[in-house]
Amino acid sequence: MLSNTINCLLERGGKLLAKTKVETYLKEAETYNDPDRFLVKWAIKNNYIAIDDEIDIANVRGNFDKEIISEYLNQQTYDVFLFSKGGARYSKRLCNDNIPLEEAKKICQSDASKGANYMAGFVIHGTYSNYKQGEPFIIDNDKVINPVEN
């Protein structure tokens with residue numbers, strides 16, 4: 001994917017490392033719509049990495065400790081999509097947008113999020129730009145309701 005920016009390829013312990021400067025990675029990540037670019041931008045803003053540091057683009061999240069990844073994920077908001085299979089293609093409908101992680105997990109772990117030809121999943125807010133609008137899941141106390149089924 002980012003072959004033009006790779007400074008070196010190293011074989012260590014069975015893992016292929018592709019190192020490049022953070023600044024170069026971000027330019028190409030925008031072009032290729034790499035979702036990990038949001039993590040890297042956040043890490044720069046929070047002084048976990050500098051723009052002139054090198055980053056392993058083969059495993060972007062591997063450049064950060066688990067605690068940093070967890071902090072990043074907990075600070076984000078999420079979109080819940082309903083993925084449905086119609087024929088040979090999958091479609092996605094945005095159901096709930098810009099919600100906290102715990103709400104997104106609650107929706108996607110509920111029985112209301114799964115059906116014969118569909119399932120719900122969540123992504124960091126703004127990850128997908130091409131989708132149809134769907135009906136939002138309702139959280140009533142601890143119960144998740146799929147409005148399409150009611």
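Seven aromatic pairs occur in this predicted model, where rings of Phe, Tyr and Trp (its six-membered ring) pair if their centres lie within 6.5 Å, and planes under 30 degrees apart count as stacked, over 60 as edge-to-face and the rest as tilted. Y78 and F122 form an edge-to-face pair, with 5.5 Å centre to centre and 85° between the planes. Because Y78 belongs to strand β4 (residues 78–86) and F122 to strand β6 (residues 118–124), the pair ties together parts that are 44 residues apart in sequence. Strands (E, at least two residues) and helices (H or I, at least four) are DSSP runs, numbered from the N terminus. The two partners are listed below; buried means under 20% relative accessible area, exposed over 50%, and partly exposed in between (1.4 Å probe, protein chains only).

| Residue | Relative accessible area | Class |
|---|---|---|
| Y78 | 3% | buried |
| F122 | 31% | partly exposed |

One aromatic cluster is formed by F81, F83, Y128 and Y131. Over the ring of Y128 sits the charged end of K92, 4.8 Å from the ring centre; the criterion is NZ of Lys or CZ of Arg within 6 Å of the centre and within 35 degrees of the ring normal.

Helix α2 (residues 36–45) has D36, R37, L39, V40, W42 and A43 as its buried residues. These pack against α1 (22–32), β3 (54–56) and α3 (66–75), a contact being heavy atoms within 4.5 Å. Just after α2, N47 takes a positive phi of about 60°.

Residues are numbered from 1 along each chain as its sequence is written, and side-chain values use heavy atoms, leaving out hydrogens and water. Local features need pLDDT of at least 70 and side-chain atom pairs count only at pLDDT 80 or more, whereas totals for chains, interfaces and linings use all residues.
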